[in-house]
Amino acid sequence: MDMKNPATAVDVLGESIITTRVDAMVNWARESSLWPMIFGTACCAIEFMGVTASKYDLARFGAEAIRFSPRQADLMIVAGTITYKQGPVLKQIYDQMSEPKWVIAMGACASSGGFYDNYTTMQGIDTIIPVDVYVAGCPPRPEALLDAIIQIQGIISGNHHDKGLQTMCCNENACTPCDLVKAR
Amino acid sequence: MNMPDCFTDIRSDTLLTHATIARENLLLGIEILKSSGYTLLLDITAIDYTLYPSFHPEPFALVYLLRSGDFTQAFSLKCYLPRDALTVETLTPHYPCADWLEREVYDQYGILFEGHPNPERILNHHQFIGHPLRKEYPITQAQPCSEAVDLMPQMRQRLLEKKIIFPDGEGGYTEPNKDLMFLNLGPSHPASHGTIRTFVALEGESIIAAVSEIGYLHRGFEKSCENHTYNQIIPYTDRLNYCSSLINNVAFAKAIEEMLGVTLPERGIYIRVLLIELSRILDHLICLAANLVDMGALTNFWYLFNPREDAYTFLSKLTGARLTNSYMRVGGMANDLYRGYESDLEFILRKIEKGVGDTLKLIEHNRIFLDRTQNVGIVTAQQALFYGFSGPNLRASGVQYDQRKNTPYYYYDRFEFDSPIGSVGDIYDRMTVRFAEIDQSIRIVRQCVAQMPGGAINVSNPAIILPQKQAVYTTIEGAMNQFKLIFEGVKVPRGEHYSSLEASNGELGFYVVSDGSGTPYKVKVKAPSFLHMAAYPSMIENEQLADAIINLGSLNIIAGEMDR
């Protein structure tokens, strides 16, 4: 290889060089190593155990580093019923998580109160904290939660073109989904 | 026993006696019962008779459920209270476990207990106004909470009792005579197995005083029951102890069937026993798996959890759901076992045996495991009975109380199995009793499969069980039958009944009041975890902080049934 000749150098390095933007790179890293904070309160938390165990294996999606400290996490999974008594606790823990952060409402109770339409159960956690992905089910099957995590990854990478989500990941003028796919 | 004069309106059957007592005689009556052998307090609840269709002398009644010291008899003592004088004397000096039970009655019904050491709310938050289980309280009237309660007043009281602080004579308190650090364990804590808050005063690593706060998962089970038909409640029962949903299903269905006076055909009962025992195994698996993770033994989590995953596959095939099965119905169950279930079940049992065997190989002679669990968190037999323990936690302390043995129901006397007990009552015993129970439950499941009789699974009473779909679509009687049962529910005769069975955590009972309609007038759950948790703060005092974590795991507190 003749290193003095820039043309050959590029030929030799070939596809081992990727040109991209820093934010796309950072987002790629973020989506591939989500650190979930599990706010498990009830039955859904038991099903979440199933998601982390060998059969469904959350590690395949790079999100197996479960943290119970909000300071170390960027994805909150609210698994279970949230009562009014629990509301201030959930809000405080959400506030303690550093930006950027995402929230999954796992199951019917977290999403809407479920069939606990009564004096004590909060009718959906989105009355106190923002939610990115809702998962149906009581409790949802593990596949449904895995799907939610893949959706969160989509939101982070910017491939998820829902309104309002794009601003989180990229500058609209400079970025198209195509570029991101190339970058990956 | 000979009934003294102060008891009126006495009704008794083989396992349960009902009696009524005047308010002024209440303590006397309790003392008589205690001296004649009813040494265990199971539960305290109240009934609001305001909307009840038939006459009752007063709008409110308190109900005390007691159990005899030989565990065979239960006693339900009722005491009427007028609306303008909703106070009685506390039972805490007689039964220590009355503490939390009375707080719950105060919280839910607004009945005051004179002389109670800590008359605070327990399930609802501190900003709550009113008493939700009173009939006048609308079910959907929500009351948001803006901040968590300060547990310092309760802690101060505890420190006073322990002579660590003293009143300073000016309405305040002296500084603690120890160098204390106050710390919240929870409500959101990885080892709290749900949302439970324990506030501890630490001296170094030792816990000097502790107070616990529960109710974070109080999701209104009992109020919801009053608004749903009997069969609609089955899905709610799933979510009491969600680690073994089927046992809750059966416990509730069994209570209602006893009120209806019906018994399932033999095959139905065998299927129930089979599923109860399978659920008991699954419950113990997850308890032990999580408990070992708390100790840092992560590998065991996969050894124990993966067989549970295989069992989910079996349960999905049978009931359509992995965790919250809703499989039982009043008078039977949703459908029969599928063809070829035996081989699936045997496959799971083998997996469980392997998982348990592998785990035991890792921990049985493991120095860390033994040092951390043996002689830690000891509950003596005497204390366990005082606290109102039941199930594996009580048996670990060496008390032979297992309803399957003491008062056999559902043909449990036909099966060969042992009910293992511990000797010390420490964490090690609580865990090993569960390991041993897994083996025994496997034995019962195998016997069930071997002896499985043929025939019907449901009672053949059209007033209880839905007609065949064919009949619903082709005959007017079938359509009407379906319509009546779905819209009005199973009509249960007027009356009050307490029924319990041996669930994976202990005595799980339902106290049901029926007004004759298809919806219960009142349902109270006697949940084992509630009383186990009540004992927890005093159990962890004078222990190390790290031991408090595994102590909680070894009690297997399930927030769903504790907070309801």
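**Fold of chain A and its interface with chain B**

Among the contacts in chain A (heavy atoms within 4.5 Å) between residues at least 6 apart in sequence, 74% join residues that are at least 24 apart. The structure is a predicted model, in which local features need pLDDT of at least 70 and side-chain atom pairs count only at pLDDT 80 or more, whereas totals for chains, interfaces and linings use all residues. Residues are numbered from 1 along each chain as its sequence is written, chains are lettered from A and ligands numbered from 1 in the order in which they are written, and side-chain values use heavy atoms, with hydrogens and water left out.

Chain A contains eight helices and four strands, these elements being DSSP runs numbered from the N terminus (H or I over at least four residues for helices, E over at least two for strands). Along the sequence of chain A, the elements follow the pattern α-α-β-α-β-α-β-α-β-α-α-α. Of the 184 residues in chain A, 49% are buried, that is, under 20% relative accessible area with a 1.4 Å probe and protein chains only.

A hairpin of three residues joins E1(B) to E2(B), and B:Phe7 has B:Ile21 as its bridge partner in E2(B).

At the interface, 52 residues of chain B are in contact with 35 residues of chain A. The two chains bury about 3600 Å² between them, 63% of it on carbon and sulfur atoms, buried area being the accessible area (1.4 Å probe) that two parts lose on being put together, summed over both. On the side of chain B, the residues that lose the most area to chain A are B:Tyr216, B:Arg219 and B:Arg322, which together account for 18% of what that side buries.

Two salt bridges are found across the interface, each defined by a side-chain nitrogen of Lys or Arg within 4 Å of a carboxyl oxygen of Asp or Glu. B:Arg322 forms a salt bridge with A:Glu47, with the closest N and O atoms 2.4 Å apart. Helix H4 (221-225), helix H5 (230-238) and helix H8 (299-319) of chain B each supply at least two residues of the side that touches chain A, and the largest share of that side, nine residues, comes from H8(B).

Conventions:
Pairing = 2+ DSSP bridges. Buried < 20%, exposed > 50% of the residue type's maximum accessible area, 1.4 Å probe, protein only.
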